[in-house]
Amino acid sequence: MRRRLLIHVLAVAALPLFAVTAFSAGEGGGGSDQTTTQCKKGTVWDKKLKKCVAPKQGMLDDDNIYEAGHALAMAGRYDEAIAVLSLAADKKDPRILNYLGYSHRHSGRVTVGLGYYEEALRIDPNYTLVREYLGEAHLQIGDLAGAQEQLREIEKRAGKGSREYGMLSEQIDHFIRS
């Protein structure tokens, strides 16, 4: 009963996110095939029914939880993102772990974020977006060598032309200049 109440409370807290859910072709954004669905307050978008419905316990699968948590994190609503992402059934999903790390880091809990990033990389060492964010976290704590290590790992896995390499390289350059 308590768990059901907690899930209901978290679902209600996340409703503003579900009111506008963006789906993009690429995880980091920048996708050209973006669709936005708007639901009125108190309803959420159900991809299966393709309409806005009142939220019910268990109605969201981990993909929907990820999309919702990702959107909240990108909107700067980190505590809400953490609450939503924590509902995922698969606690070892690197995407979920990545955005838990991102949200904790941006909430000022850098050490907690580092732990989530490291766990995501233990599961998928080739997940270069995690490596980009991990490098940024290293910069936040003044660890230039740690950030440069992640940049080298991104280069090995995705090359210098990748979005993640470019973003982290830019952050490192800014860190060095300041």
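Which residues in α7 meet which residues in α8? In this predicted model, local features need pLDDT of at least 70, side-chain atom pairs count only at pLDDT 80 or more, and totals for chains, interfaces and linings use all residues. Residues are numbered from 1 along each chain as its sequence is written, and side-chain values use heavy atoms, with hydrogens and water left out.

Thr128, Arg131, Glu132, Leu134, Gly135, His138 and Leu139 in α7 meet Leu144, Gly146, Ala147, Gln150, Glu153, Ile154, Arg157 and Ala158 in α8 (contact: heavy atoms within 4.5 Å; helices: DSSP runs of H or I, at least four residues, numbered from the N terminus). By class, this contact of α7 with α8 comprises 6 nonpolar, 5 polar and 4 charged residues (nonpolar: Ala, Val, Leu, Ile, Met, Phe, Trp, Tyr, Cys and Pro; charged: Asp, Glu, Lys and Arg; polar: the others, Gly among them). The axes of α7 (residues 128-140) and α8 (residues 144-158) come within 7 Å and cross at roughly 165° (lines fitted to C-alpha atoms over the stretch in contact; angles from 0 to 180 degrees between N-to-C directions). The pair is therefore roughly antiparallel (over 145 degrees).

Helix α5 (residues 94-106) is largely enclosed by the rest of the structure, because 11 of its 13 residues are buried (under 20% relative accessible area, 1.4 Å probe, protein chains only). The buried residues of α5, including Ile96, Leu97 and Tyr99, pack against α3 (62-74), α4 (78-85), α6 (110-123) and α7. The axes of α3 and α5 lie 10 Å apart at an angle of about 25°, which means that α3 is roughly parallel to α5 (under 35 degrees).

Note on methods: Helices (H or I, at least four residues) and strands (E, at least two) are DSSP runs, numbered from the N terminus. Angles under 35 degrees count as roughly parallel, over 145 as roughly antiparallel, 65 to 115 as roughly perpendicular and the rest as oblique. Buried means under 20% relative accessible area, exposed over 50%, partly exposed in between (1.4 Å probe, protein chains only).
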